Amino acid sequence: MNLGDTIKQERKKRGYSQFQFAGMCHISITYLSLIETNKKEPAVSLLKVICDNLNLPLPILFFLSLDTQDIPSEKVHIYNILKPSLENTISNLFLDD
C-alpha cells in the first residue's frame with residue numbers, strides 16, 4: 001500500500017501546494033512531507049481530516065493506495081484489468097471539474 005504517494009497525487013490533482021494543504025489539515029509542512037514520502041503513517045483520525053480536505057471517502061483513499069503487492073498473486077491480473085476503470089470512475093465522482 002502506497003498511502004503517502006496517493007495522498008500526494010490526490011492533493012496535486014486538486015491543485016493544492018504542500019503549504020496550502022498542510023494548513024488545511026492543521027499539520028506542519030514537514031509532517032505532510034513525511035506522510036507523502038511514506039516515512040510517517042498518520043493516525044486514522046488525521047487520515048479522515050486529509051480525506052475531508054480532499055473530498056474523498058477514506059475507503060476510496062485506501063483503494064487508490066493499493067498496489068499489486070497488496071493483492072493475492074492469483075488475482076493480480078483481475079486487479080490490473082479493473083484498476084484503470086475504477087480509478088476513472090472514482091476520479092469522475094470525487095474530483096471537481
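In the predicted model, the sulfur of C25 lies 9.3 Å from the closest cysteine sulfur, which belongs to C51, and this is too far for a bond. A disulfide requires a pair of cysteine sulfur atoms within 2.5 Å. Under this criterion the count is 0 disulfides. Both cysteines were also examined for solvent accessibility. C25 is buried, with a relative accessible area of 4%, and C51 is buried as well, with a value of 2%.

Backbone torsions were considered next. N38 adopts a positive phi of about 60 degrees, although N38 is not a glycine. This residue is placed in the loop that runs between α3 (29–36) and α4 (44–54). The relative accessible area of N38 is 43%, so the residue is classed as partly exposed.

A positive phi is also found at N55, where the angle is about 55 degrees although the residue is not a glycine. N55 is located in the loop between α4 and α5 (58–65). With a relative accessible area of 47%, N55 is partly exposed; the class applies to values between the buried limit of under 20% and the exposed limit of over 50%.

Conventions
Residues numbered from 1 in each chain as written. Predicted model: local features only at pLDDT ≥ 70, side-chain atom pairs only at ≥ 80, totals over all residues. Heavy atoms only, no water. Buried < 20%, exposed > 50% of the residue type's maximum accessible area, 1.4 Å probe, protein only. Helix = DSSP H or I, 4+ residues; strand = E, 2+ residues; numbered from the N terminus.
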